[in-house]
Structure formats: C-alpha cells, structure tokens
Amino acid sequence: MSASEDELKEEFQKYGSVLEVFILRERGTQKHRGCCFVRYETRADAEKCIEGMNNKMVYPKQHNPLEVRLADGEEVRLDNKVFVGQLPESCSEADVRQVFEPFGALTEVVVLQKGRPSAFVKFINRSEAEKAIEELDGKFTMPGSSQGPLKVSFAQTKGRHGLNQMLSANHGLNPMSLPPGTHIPPVFTAPGMGGSMGGPMMLPSVVLEPKMYVAGLPTTIELDQVKGMFMKYGAVMDAYLLDGNSKGCAFVKMQDRSACDNAIRDLNGKVVAGSVRMLTVRYADKAVGGGGGAKGGAAGGTAVKLFVGGLPPEVQEKDLYDTFAFFGPVQEVYIKRNADGGHAGFAFVRLVQPHMAEAAIATFHNVYTMPGAMRPMTVKLADGEMERLGMGGAGGMAAHAAATAAAAAAMQAAGFA
C-alpha cells in the first residue's frame with residue numbers, strides 16, 4: 001500500500017469530516033509501514049467508516065482487505081457510560097430514566113439492586129453525559145432516598161477498577177469522619193498567581209482509581225486535618241501521611257474521580273497555612289507510590305513518563321491526550337505554563353504501560369509533526385525514567401533499544417505495520 005496522506009484523506013472523507021491522517025513510517029528510510037491513524041471530527045463518522053470499510057475494501061495491489069477499527073484506548077476514552085450511586089431502595093429503571101432522559105437520549109439503563117441500589121446509564125453523546133454529571137452529582141436527591149444526593153460520575157469501564165467503583169459506593173466502604181473540633185487549615189492563592197499552575201489535565205475516562213498524591217503540606221499537619229481539607233469535595237475513603245524525607249506529603253482516596261477532579265482543580269498550586277511551598281495535587285500512580293494503606297510509597301511501578309518536545313504554541317492538554325491515546329490509556333498530560341498561560345514548547349505525558357510508551361517513541365520521535373509546529377516531535381523517556389525503570393548504564397541502553405525493537409515487532413504482529 002503506497003497511498004499518500006492526501007489520497008487516504010480523500011477516501012476516508014466519504015464517511016465524514018476527517019481532521020487528520022497520519023501514516024506510520026520507518027525511521028530513516030521513511031518507508032510506509034502499511035498502517036495509519038485517521039482522526040474524524042465525530043465518533044459517529046468513525047463508526048460509519050468502520051462499518052463501511054473494515055474487511056470490505058481492498059486497495060489496488062493489496063491481497064487482503066483493510067482492517068479498520070478504533071485505535072487502542074479510544075473505546076475507553078469515548079465511552080459515555082455514567083455510574084449513579086445513592087439511589088433509593090425501591091428505585092426502578094423507569095425512575096432512573098425519568099431523571100436522566102431530560103439531559104439527552106439514552107441507549108442503556110441498568111439498575112443494580114444488590115447492596116445499596118446503583119445504576120449505569122449510557123448516553124449517545126458524551127456532552128450530554130457531562131451535563132448530567134454537572135447538574136446532578138451531589139446536588140439532586142431522588143424521592144424516597146435516605147442516602148442523600150446522587151453520586152454521578154463517568155463509569156470506570158475496565159477490570160477491577162470498575163468493580164471497585166461499585167463496591168465503594170454500595171457495599172460498606174464507608175467514608176472517613178473527623179473528630180469533633182478538628183481544625184482545618186485555610187488554603188490561599190500563592191502570591192502572584194491567579195489560581196492553579198496549569199496542573200495535569202483531568203482525564204476521567206482513563207485514570208485508574210480515585211486516589212491523589214498531595215505534596216506541599218505543612219510538615220506538622222495531622223491526618224485529620226488532611227481529611228478535612230478534602231471532605232468539601234466528596235467522601236474521603238482513605239488517607240495517610242508519608243514520613244521521613246517525604247514529610248508534608250500524603251495520599252488521599254476519594255469515593256469517585258469527579259471529587260478528585262474538583263480537588264485538583266481547586267487546590268493544585270495553592271498554599272496551605274503553615275507551609276512555605278505551593279501544593280501539588282494530582283492523581284497518584286504506581287511510580288509515585290500507589291501502595292495500599294501502608295505508610296510510605298512504593299518506588300517503581302509500570303506507568304512511564306515521556307518528555308514531548310517540539311509542540312506548537314497553541315497546543316492544549318486535550319490535543320496531546322488525543323494524540324497519545326492511540327497507544328493506550330493516558331494517565332496524565334502536563335504542560336508547564338507561564339503566568340500568562342504560554343508554554344515553552346514541551347510537555348510530559350504519562351502512559352500506563354511501558355510497551356505503550358515504547359510504541360509512542362518508536363512511532364512519533366523525529367517523525368510526526370503536530371499541526372502548527374515547526375519541526376517533528378521529540379518523544380523520549382523523561383529524565384530519571386531510565387534509572388527508575390532499571391535501564392541505567394550501557395546495559396540499560398541496550399535493553400531500551402531492544403524494548404523499542406520489540407514494541408515495533410509487536411505492532412507489526414498486531415497488524416499495525
């Protein structure tokens with residue numbers, strides 16, 4: 001297959017508005033690797049394309065029909081399913097529909113009666129799901145409920161984390177409480193800063209669990225005070241302070257990710273009374289210390305942090321999230337911004353598995369130029385990642401090169417090259 005980007009775009013535009021076509025090529029030779037990514041303006045157009053082309057269209061001089069499907073990570077990113085907790089005991093599917101249908105068309109409603117009733121509600125359009133969450137979460141109580149306002153958030157659709165979401169809301173994992181008279185330290189905007197420092201983008205469809213890493217706390221702060229700081233954003237399910245050289249740091253687990261999003265948006269970059277440092281509040285991951293309730297943090301972990309350079313001036317966090325989601329779930333995107341909102345042309349992207357990071361490096365580094373940029377991207381392991389992942393030194397460099405080759409081979413075996 002030797003079609004150009006323009007030729008492919010012309011073919012794929014038969015099914016809808018195409019924003020971008022990117023052909024994967026070999027480094028150095030720039031030889032076509034036989035696969036590409038196509039970005040449509042809407043999911044509906046992408047699905048029409050899959051229906052019309054997958055295993056049906058054969059290009060000239062090709063023996064096999066095209067394989068056309070959603071890129072890895074897109075199904076999770078685009079899911080429009082909402083989790084609903086704290087329903088009344090006698091709640092039916094019709095009752096749930098009556099609450100959620102004013103926000104948009106529904107394709108599925110499933111009520112779970114085991115334990116405390118909860119439900120999953122699936123919208124056709126993500127914007128309508130977002131509106132329902134904004135209007136209902138923590139604000140609307142269904143008639144007959146003794147549980148208080150509804151808990152509404154995007155469903156965590158994969159593996160044990162989706163199960164954890166149901167368990168935490170419905171099966172006795174009760175929120176933490178505070179002793180009477182606990183003093184909660186006030187939080188201030190840092191001098192010269194209009195708010196937060198442009199912290200990591202909230203990515204509710206792919207973040208693994210509602211757990212945050214917090215740094216910049218006063219070294220004398222007590223655990224109950226930390227809980228109190230976060231209870232205004234939702235139920236705190238677990239919290240613990242780090243000690244030793246990590247004093248002033250903590251992990252806080254909330255009932256759902258929307259509570260984490262609100263806390264990160266409100267607190268990151270602020271200053272707590274009694275501290276001389278600005279707060280860092282972001283989603284926790286294994287690289288920072290994703291252990292259970294024990295004190296301390298686990299070094300290591302599987303999530304991999306990438307340095308991404310050569311970005312255009314107008315790039316936003318969502319642009320990078322969409323770009324790297326081709327390779328799998330993106331845990332974090334961080335663009336360090338100046339006080340005026342500008343940036344220095346680089347960012348950090350954290351992918352949840354090493355092989356995803358290797359595939360991104362092998363595909364994008366010095367090859368892909370983002371729209372509006374003057375040169376191809378620089379994509380490499382962030383400083384310190386090679387040592388953290390056990391790839392330091394000459395042997396580590398060889399292992400890194402071997403891993404990159406293995407990632408390319410895996411992509412080829414999977415039909416991506």
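Visitor: Which elements do the buried residues of helix 2 pack against?

Guide: Helix 1 (5-12) and strand 2 are the packing partners of those buried residues. Keep in mind that we're looking at a predicted model.

Visitor: Which residues of helix 2 are the buried ones?

Guide: Helix 2 spans residues 43-53, and its buried residues are D45, A46, C49 and M53. Look down the helix axis and they fall within an arc of 100 degrees, so these residues line one face of helix 2.

Visitor: Let's zoom out. How many helices and strands does the protein have?

Guide: Twelve helices and 16 strands. Of the 417 residues, 48% are buried. The accessible surface comes to about 19,800 Å², with 53% of that belonging to carbon and sulfur atoms. As for contacts with a separation of 6 or more, 67% are between residues 24 or more positions apart.

Visitor: How should I read the nonpolar cores?

Guide: Here's the general idea: in soluble globular proteins, nonpolar side chains tend to be buried together. In this model, the largest nonpolar core holds 37 residues, and L306, L320, F324 and M377 touch the most other members. Several elements supply at least two residues each, among them strand 1 (18-25), strand 13 (304-309), helix 9 (317-324) and strand 15 (346-351). Helix 10 gives the most, with six residues. The core also draws at least three residues from each of domain 1 (5-71) and domain 4 (304-390 + 399-411).

Visitor: Which residues does L306 touch, leaving out those up to four places away in sequence?

Guide: The list includes F324, F348, V349, L351, A357, A360, I361, V379 and L381. There's also K380 among the residues it touches.

Visitor: What about a second core: how many residues does it have?

Guide: That one is separate and has 22 residues, including M212, M229, F230 and A259.

Visitor: Back to helix 10. Why is it described as largely enclosed by the rest of the structure?

Guide: Nine of its eleven residues are buried, so helix 10 is largely enclosed by the rest of the structure. The cut-off for buried is under 20% relative accessible area. The buried residues of helix 10 are M356, A357, E358, A359, A360, I361, A362, T363 and F364. Notice that E358 and T363 are on that list too.

Visitor: What follows helix 10?

Guide: N366 follows helix 10, and its phi is positive, near 60 degrees. This residue is not a glycine. N366 lies in the loop between helix 10 and strand 16.

Methods: Residues are numbered from 1 along each chain as its sequence is written. This is a predicted model: local features need pLDDT of at least 70, side-chain atom pairs count only at pLDDT 80 or more; totals for chains, interfaces and linings use all residues. Side-chain values use heavy atoms; hydrogens and water are left out. A nonpolar core is a set of buried Ala, Val, Leu, Ile, Met, Phe, Trp, Tyr and Cys residues joined through side-chain atoms within 4.5 Å. Buried means under 20% relative accessible area, exposed over 50%, partly exposed in between (1.4 Å probe, protein chains only). Helices (H or I, at least four residues) and strands (E, at least two) are DSSP runs, numbered from the N terminus. Domain bounds come from an automatic or database domain assignment. Contact means heavy atoms within 4.5 Å. Accessible areas come from the Shrake-Rupley method with a 1.4 Å probe; for residues, only the protein chains shown count as cover. The arc is that of the directions from the helix axis to the C-beta atoms.
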